Amino acid sequence: MEVLRAENISKVYRQSAISLQALRHVTMTVEKGEFVAILGRSGSGKSTLLNLLAGLDRPTEGKVSIDGIHIFDLEEEKRTLLRREKMGFVFQAYELLPSLTVRENIRLPELKGDPAYMRQLLTMLEIEEYEKFYPEQLSGGQQQRVAIARALINHPSILFADEPTGNLDSKTEKIVMELLKKLVTEYQTSILLVTHNERLIKDVDRVIRLEDGEIVND
């Protein structure tokens, strides 16, 4: 079953008389329970593509659908609600609020309380003993696990991960990638991983290579 579809999406940034084509006619899909990596060097258009697929930015042309819903046909308020319901986000910098505990950070975007699911996430990600800790009391790997739990709290159809291991050492990187693979197996969560790290692609189902804003291999 198809979770995400992008059709002929392009992005042009314009400033005065200068135009920069960041993305060129990209068409791609992600299936339910599929772990897909978008691989490319810095400046290849990876982050631009992620922002468009997640509805954080609007394409110059083209369409993006999540679970069959054309996200750019929605008003901004409804698109924001769709992101909370259907999408999860994990970033390189964790983006945890320092004044909130682990539990409070995870529950921040929660739409409906589910204590049993919350406990399941804490246990699966091996952070149950830290639920009353604050981010500054955790290692980088532990903070990233909290960020993953927060991204999953609303049972998203797709998880967008933007360089999620970029701030981690190789040992912790391996642990985080194993956890992401476990999400696919246990919850059938679709994952779209953006990275420049060739080491990570051995852990995914499919690799899309991006160069100069175009897909060169899928």
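1. The model is predicted: local features need pLDDT of at least 70, side-chain atom pairs count only at pLDDT 80 or more, and totals for chains, interfaces and linings use all residues. Residues are numbered from 1 along each chain as its sequence is written, and side-chain values use heavy atoms, with hydrogens and water left out.

2. Strands (E, at least two residues) and helices (H or I, at least four) are DSSP runs numbered from the N terminus; two strands pair if DSSP finds at least two bridges between them.

3. Strand β4 (residues 61–66) is joined to β5 by 2 bridges, and the two run antiparallel. Ser-65 has His-70 in β5 as its bridge partner.

4. Contact means heavy atoms within 4.5 Å. Axes are lines fitted to C-alpha atoms, for helices over the stretch in contact, and angles run from 0 to 180 degrees between N-to-C directions.

5. A further open sheet has 6 strands in the order β6-β7-β8-β3-β9-β10, with mixed pairing. Its edges are β6 (87–91) and β10 (214–217), each with a single partner strand, so one side of each is without a neighbour in the sheet. On average, neighbouring strands of this sheet are turned by 25 degrees against each other, direction ignored.

6. Strands β7 (residues 158–162) and β8 (residues 190–195) run parallel and are joined by 5 bridges. Leu-159 has Ile-191 in β8 as its bridge partner. Helix α2 (residues 76–86) lies across β6 and β7, at about 80 degrees to β6.
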